[in-house]
Amino acid sequence: MKFILGLSLFLGILLTAKAQTISGRLIDGNTKKGLILANLSLINEDKTTPAKYTGSDTLGNFEFREIKNGKYTLLATLMGYQKTERSIIVNHQLSKAINLGDIILTEDPSLLKEVTITGGLPSFSTKNGQLKIGIANNAFFKSSANLLDVFRKLPGLQVGQDGSMQLASRATPTLFVDGKPANMSSEEILTYLSGLSPEMVESIEIINQPSSKYDGEYQGIIDVKLKRNQSLGLKGSYNARLQRNNYSLLEHNLSLGYKTERLSYQLTLGHTAGSTYYRYHALQFLANSNAMTTDTRTATANQNFNVQAHLAYEIKPTQSLEVFVRTLQVKRNAVSANHLITQDNRQQNTIALVKSDNDARPKQHHYTGGLNYDARFKNSELHIIASLSQINNLQTEDIQNRDLLAQDLLSYWKTDSKNNILIRNAQADYTQNIGAQKLEMGAKFAYTSTHNNLRYDTLGNDIFSIDLKRSNQFRYQEYISAAYFSYLGQWKKFSYSIGLRTEHTRSVANSITTGQLTERDYLKWLPSINLNYTLSNTEQLSFNYSRRITRPTFAALNPFRFYYSPRHYWIGNPYLQPSTTSLFALTYSRKSLNISLNAGRETDVMSRYPEYNPATDELIFLGRNLPYRNFANIQVSSPITVNKWWRMTHNLGLFYNKELTPYFGKTYRIPIHNYTINGSQILTLKSLLFDVSYSYESKSGNGLYIMSPVYGIDFGMQKAWFKNKLNTRLTLYDAFDNLKRRLIFREKSIINNDFYHYFAAQRLVLGITYNFGSSTYKSKENKRSDEENRAN
């Protein structure tokens with residue numbers, strides 16, 4: 001009732017200006033053909049700064065959207081052509097759209113006679129330490145099959161084959177869509193990003209040091225700005241991707257949108273069918289001098305569906321109400337064959353050979369519904385989000401362990417796991433402009449309850465009976481209340497923001513099986529500071545400080561056993577504490593060149609290290625908190641235009657990491673130094689675009705493990721058809737089949753362990769995107785709470 005009354009207070013207030021569209025076409029002065037991949041910027045004459053960036057498509061067409069009233073200068077540049085400018089006056093009362101027609105670019109003979117290295121593309125820019133990268137019509141991403149490929153090329157971001165992501169601070173970023181959190185598990189991120197083609201994304205912003213405005217959980221943010229337009233009518237996009245390696249996998253995504261003057265409808269359907277492959281291989285020398293080899297190969301069949309739907313109603317030009325629902329249905333069959341081979345120290349004689357067959361059938365039923373209210377007043381904004389999520393995870397396993405030498409059945413287990421999570425979330429954000437300054441404030445409340453039941457049944461005397469040592473019941477409740485304020489201002493060439501966030505957490509973890517009851521109640525203060533100095537129109541220097549918190553995931557708190565093999569499993573820890581990170585950053589940017597220096601300390605670091613039991617030969621991975629880790633890194637990135645058909649980008653990162661790791665009575669303080677290099681070479685030949693992407697990570701590690709170097713090279717080709725409505729891409733990933741993550745245990749006197757993970761990254765992928773309909777409007781993605789990310 002209070003929410004309805006609150007909405008009614010705003011229904012009669014609002015007044016604002018509508019936005020417009022500016023479009024046109026760039027053509028060669030001699031051939032009269034469209035010019036591909038030109039750079040265009042729209043400069044506000046009152047502010048003398050670019051308001052918008054875009055690029056021309058394969059036909060030379062370009063478009064700027066949501067342009068406010070005012071006087072602008074359009075600047076068009078392309079290597080080999082003279083710079084062209086045009087003055088534009090925007091007035092929405094005269095017209096809703098401005099079509100500039102054909103704009104002629106004239107060749108520059110002085111540039112065509114030599115190869116010139118320039119400062120890159122306007123679609124790469126830095127402001128207040130935040131890197132903004134234009135995606136649609138950006139040459140560096142044209143051959144990318146989907147947005148996941150784009151993420152792999154972003155500077156300062158590492159994307160694993162399983163969808164896991166790390167920023168320079170070794171923090172996991174949170175995915176945002178259009179400025180709102182869309183938190184997902186690694187698996188859901190893979191599904192979502194695979195369903196977006198580069199043409200559907202306007203830009204991406206990387207925020208390495210989120211201000212106090214954002215949840216303390218957000219160590220870093222990647223904000224995806226979807227391409228949108230206010231044109232009325234139907235807009236649709238079909239995106240398909242077929243990949244082939246050890247198995248085949250086919251992904252379909254259909255997005256339909258329809259907009260009237262006041263209403264917009266959006267429906268997104270996704271389907272994934274086929275199989276994926278994973279291999280785990282480990283060599284461990286036991287305390288009794290025997291060698292034990294673990295080899296696990298898993299083929300997972302997928303039959304997954306996702307549906308998103310929403311209805312948005314424009315109450316007034318400055319007020320909108322959005323209702324959304326979403327469901328994700330995951331159905332898999334993971335068949336694993338594990339061989340556990342025990343040999344003598346020289347690995348010449350086999351002492352034991354155990355084969356484990358595991359037929360696992362995981363399912364997930366995820367339902368979310370919510371309401372968003374957005375209002376813009378003369379000098380202020382109000383945003384309200386409320387959502388309810390129900391997540392049900394179900395899994396059964398059939399595990400048989402056989403002695404192949406004696407042809408005996410050693411053990412037979414059946415498991416039945418049920419995990420139910422209910423998340424209630426509400427958040428309000430308010431912004432008030434005070435002259436050239438801005439005041440932001442807001443509050444959030446989240447209540448999460450989980451119910452977990454894991455049952456193990458073991459075969460004995462031809463009868464299955466419950467295994468009390470492995471079975472477990474666990475209940476968890478968590479209440480989070482948060483509030484923040486931040487103040488943003490500007491003085492001469494300085495701009496600044498100062499913020500403070502406070503988060504109160506109360507949790508109750510109840511392990512019913514063991515009788516353990518763990519209660520927590522803590523308050524965290526999370527300040528942030530940003531200072532930005534403008535050296536010139538193309539140069540900036542910024543300093544950032546932020547303090548963030550990372551809570552353990554619900555699975556990490558759950559004291560269940562999850563087996564890799566009969567003697568190798570991990571177990572959750574209900575006593576895990578949240579970690580806290582203090583991060584400093586200094587960033588220099590000049591045009592598209594970006595140099596950032598980051599340093600900080602994380603306390604109560606959450607980690608998972610093995611504990612070896614020589615009596616049982618069991619290797620147990622138990623989550624726990626390390627005292628602290630110190631880290632620092634420097635990163636350099638810059639795109640370079642050699643000429644109008646050859647562009648390149650390079651990213652270099654130098655890293656330092658030092659953990660304080662108590663382990664088996666010793667304390668390890670091992671400094672780790674490593675570097676990463678990745679980049680792309682983009683060649684445009686008539687209507688074809690070729691891309692060679694590469695990445696290299698030197699020898700690295702952490703307190704207890706050494707990680708071997710790893711590299712990968714991808715080859716891609718892209719071509720547009722039918723006036724850019726159809727785009728086809730063919731990509732060979734990991735051409736030399738080298739992407740394996742190998743880890744070697746440092747302290748061999750404790751555990752002599754050497755293992756690797758292999759995700760079958762070498763694959764050939766055909767991607768097709770087809771856009772149809774009369775509208776180019778793209779609505780917001782449905783919002784997801786931060787707690788949903790921890791639930792997966």
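Strand 1 (residues 20-28) and strand 4 run antiparallel and are joined by five bridges; strands here are DSSP runs of E with at least two residues, helices are runs of H or I with at least four, and both are numbered from the N terminus. Two strands are taken to pair if DSSP finds at least two bridges between them. One of the bridges links Ser-23 to Glu-63 in strand 4. The pair belongs to an open sheet of three strands, ordered 4-1-7, with mixed pairing. Strand 4 (61-67) and strand 7 (97-105) sit at the edges with a single partner strand each, so one side of each has no neighbour in the sheet. On average, neighbouring strands of this sheet are turned by 20° against each other, direction ignored, with the axes being lines fitted to C-alpha atoms, for helices over the stretch in contact, and angles running from 0 to 180 degrees between N-to-C directions.

All of this comes from a predicted model, in which local features need pLDDT of at least 70 and side-chain atom pairs count only at pLDDT 80 or more, while totals for chains, interfaces and linings use all residues. Residues are numbered from 1 along each chain as its sequence is written, and side-chain values use heavy atoms, with hydrogens and water left out.

As for confidence, the average pLDDT (the predictor's confidence in each residue, from 0 to 100) is 82, and 88% of the residues score at least 70. Residues 1-18 fall below 50, and this stretch has 27 contacts in the model beyond near neighbours in sequence, a contact meaning heavy atoms within 4.5 Å. Residues 110-122 are also below 50, with 32 such contacts. Where pLDDT is low, predicted coordinates should not be read in detail.

Zooming out, the protein has six helices and 44 strands. Of its 792 residues, 53% count as buried, that is, under 20% relative accessible area, with exposed being over 50% and partly exposed in between (1.4 Å probe, protein chains only). Among contacts between residues at least 6 apart in sequence, 66% join residues at least 24 apart.

Ile-713 gives a local example, placed in strand 40 (residues 710-721). At 22% relative accessibility, this residue counts as partly exposed. Leaving aside residues up to four places away in sequence, Ile-713 touches Val-692, Ser-693, Tyr-694, Leu-732, Tyr-733, Asp-734, Ala-735 and Phe-736.
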